[in-house]
Structures are given as structure tokens and as C-alpha cells.
Amino acid sequence: MSFILTTRFTRPLRILARHQLTSSSCPAYRPASLVPRLLPPATSSSPLHTTAARLRPVFNSNDRNLWRTMAEKDVTRYLKQSHDRLFENNKAWAAEKARQDPGFFAKLSEGQTPEYLWIGCSDSRIPAEQITGLEPGEAFIHRNIANLVCNTDLNVMSVINYAVRHLNVKHIIVCGHYGCGGVKAAMTPKDLGLLNPWLRNIRDVYRLHKDELDGIPEQDKRYDRLVELNVVEQCRNVIKTAAIQQSFAKNQFPIVHGWVFNFHDGLLTDLKIDFEAELEEVQKIYNLVD
Ligand SMILES: [Zn+2]
């Protein structure tokens, strides 16, 4: 099976899926060591052999000028490399985990009992486990644009329900981040097509807190505050669900937390939401406990 990349190129590029490349019957298959590299081969003492270097992309794919000047054969080769390096990284990761703990994968295959449900932004710069030092099996993860919790979104509602009722998570973390493109787009008063209904949830947050936000003269600070208020409102949306209210009444967990991540120093800020006070306030209108 293959798939076609059309992107911006004048004619489609046919990229071979990995299982086809590893088939001995496929003439396109060559072992990784024989595939031409866009970077010169690394020596054993080269920094390319370090884990950090191995995880770096061959090119910065954000460099649009570079893409424009690349020959088509180099684009094809780059796309193959940028795909294959994930499998190389995966093999290295699996080997390292097995070396550190020979029983690691046996334990992983037994099932999951995560303590945390993480609801974060899809932004690629906020890998939940890495910034919190969590290992596989410790966090159930849901991410979407601007970390929204909408009651008509069957995806997030299913995640919350499963995490609370079946996995018995103890903490639910809604994590936003300063510099969120979704929040910024919502502050831009224009038609953004398919994004309109999604971003309207953030525009509703603005409307709910209009007086406070309009009282902040600096645009950057207003933007930061909307990020925080969006997290608070999404925490309230989590608290409105039957799963959280009924589990807390029975078990005293989960607790809902609102955090914000900062790109400038890599640190998380706890907005210190008073969960029990919020729950009490929410239940004045949205009580779902008998
Ligand atoms: Zn974001």
C-alpha cells in the first residue's frame, strides 16, 4: 500500500509505506545504511550518535525557503528519512528501556493504571510526559487545539468518562500555555472557516470575562490572561460532568487542576484552582449527584 502526498508540489510524490520498504520483494527497499543521507554519515565519535542529536530532525522543516530550493529528489529523500528516523528512534528507545528494566515491557503489556488524566493543547512544543517526568502508563492523555472541554465533543467526553469511571484517575489536569495559537486566533475578529465553531468556545470565555480582559491595556497581558481564564473555564467544564461529580462524591477523587506552561522557561504554573469550592459553585446549577 502507498499513499500520495500532494502538498504544494506540481505533481504528487509517491511515498512508500514502511512495511513495503522492508519487503524483500520490493525493488525500492534498501537497508537504511544504503539509503543516501542528506547529512554526511556520522562517525562513532560524532555528536550525531547522542540521543539528543538522534532526536533532532535532519532539516528544520519550518524553513520554507529551504523547501523551495530543494530538488525534487532531495525532497523525496528527505521525506523518507524524516519518516524512517522515527523507527530508528523507536528501536533505540525500546532497547534502552529494556536495558534499564528487563521487565519493563512485560509490565506495560499487563495494562494501565494511570494516576493522571492530562487535557492539553495539541501544540507540538508541550509533550506532557516529558515536561512532567512521567513514564508510559502514568498519564492518560487527551489533546486538542487550545485544550478545550466541550460538552458536545464526544471525544473528550469519552476520554473523561473512561479515565474517571474505569481507570480511576486521581488527578485531572487541564494544561494551557502562554502563546497559544488557538487562543490568539480566537482573539482575532475574523472568519476562520472550519475553525469558527471550535474557536467560538474561547470567544465565549472572552465574553464571560469581558470586563476583566478589556481592563487590561497591554495586548500581550490580555492574551496571557485569556489563556489562564480559558484553562479555568475548561476546568469548570470538566467539573460539570457526571463522571467527576459522582466519582468525587463516592471516592474523594479525582481532583481537577488548571496549569499553564511557559515556553520561555519550560516551567508550569499551577493556577491553584480551589477544586472543592469550584465543585460546590458548579453544583448550584449543574448538580448531577443524587
Ligand atoms: Zn495551544
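**Binding site**

I began with UniProt, where an unreviewed entry places the feature "binding site" at Cys 121, Asp 123, His 177 and Cys 180. UniProt positions are given in the numbering used here, feature names are shortened, and annotations may be inferred rather than shown by experiment. These positions are spread over 60 residues of sequence, yet they cluster in space, with a largest C-alpha distance of 9.0 Å.

Two notes on what I am looking at. This is a predicted model, in which local features need pLDDT of at least 70 and side-chain atom pairs count only at pLDDT 80 or more, while totals for chains, interfaces and linings use all residues. Residues are numbered from 1 along each chain as its sequence is written.

I looked up Cys 121 next and found it in strand S3. Helices (H or I, at least four residues) and strands (E, at least two) are DSSP runs, numbered from the N terminus. Is Cys 121 buried or exposed? Cys 121 is buried, because 24 other C-beta atoms lie within 10 Å. The cut-offs: buried takes 20 or more other C-beta atoms within 10 Å of the residue's own, exposed takes 12 or fewer, and partly exposed is in between, with C-beta atoms placed from the backbone.

Not counting residues up to four places away in sequence, Cys 121 touches several residues, among them Arg 143, Asn 147, His 177 and Cys 180. Contact here means that the C-beta atoms, placed from the backbone, lie within 7 Å.

Asp 123 sits in the loop between S3 and helix H6 (128–132). I get 19 other C-beta atoms within 10 Å for Asp 123, so it is partly exposed. Leaving aside neighbours within four places in sequence, Asp 123 is in contact with His 177 and Cys 180.

**Helix H7**

H7 (residues 154–165) has 12 residues and reaches 16 Å from its first C-alpha to its last, close to the 16 Å expected at 1.5 Å a residue. The expected span is 1.5 Å times one less than the number of residues.

Which residues of H7 are buried? I listed Val 156, Ile 160, Ala 163 and Val 164. They cover an arc of only 90° around the axis, which puts them on the same side of H7; the arc is that of the directions from the helix axis to the C-beta atoms. On the other side of H7, Leu 154, Asn 155 and Ser 158 are exposed. The cover over the buried residues of H7 includes strand S3 (116–121), strand S4 (139–144), helix H11 (219–239) and helix H12 (242–251).

**Nonpolar core**

A nonpolar core is a set of buried Ala, Val, Leu, Ile, Met, Phe, Trp, Tyr and Cys residues joined through C-beta atoms within 7 Å. The largest one has 41 residues, and those with the most contacts inside it are Leu 117, Ile 119, Ile 173, Val 174 and Val 238. H11 gives the largest share of this core, 7 residues. I checked Ile 173 too: leaving aside neighbours within four places in sequence, Ile 173 is in contact with Tyr 116, Trp 118, Ile 119, His 257 and Trp 259.

Gln 252 has a positive phi of about 70° although it is not a glycine. Gln 252 is in the loop between H12 and S6, and Pro 254 lies in the loop between H12 and strand S6 (255–261). The peptide bond from Phe 253 to Pro 254 is cis, with omega near 5°.

Methods: Two residues are in contact if their C-beta atoms, placed from the backbone, lie within 7 Å.
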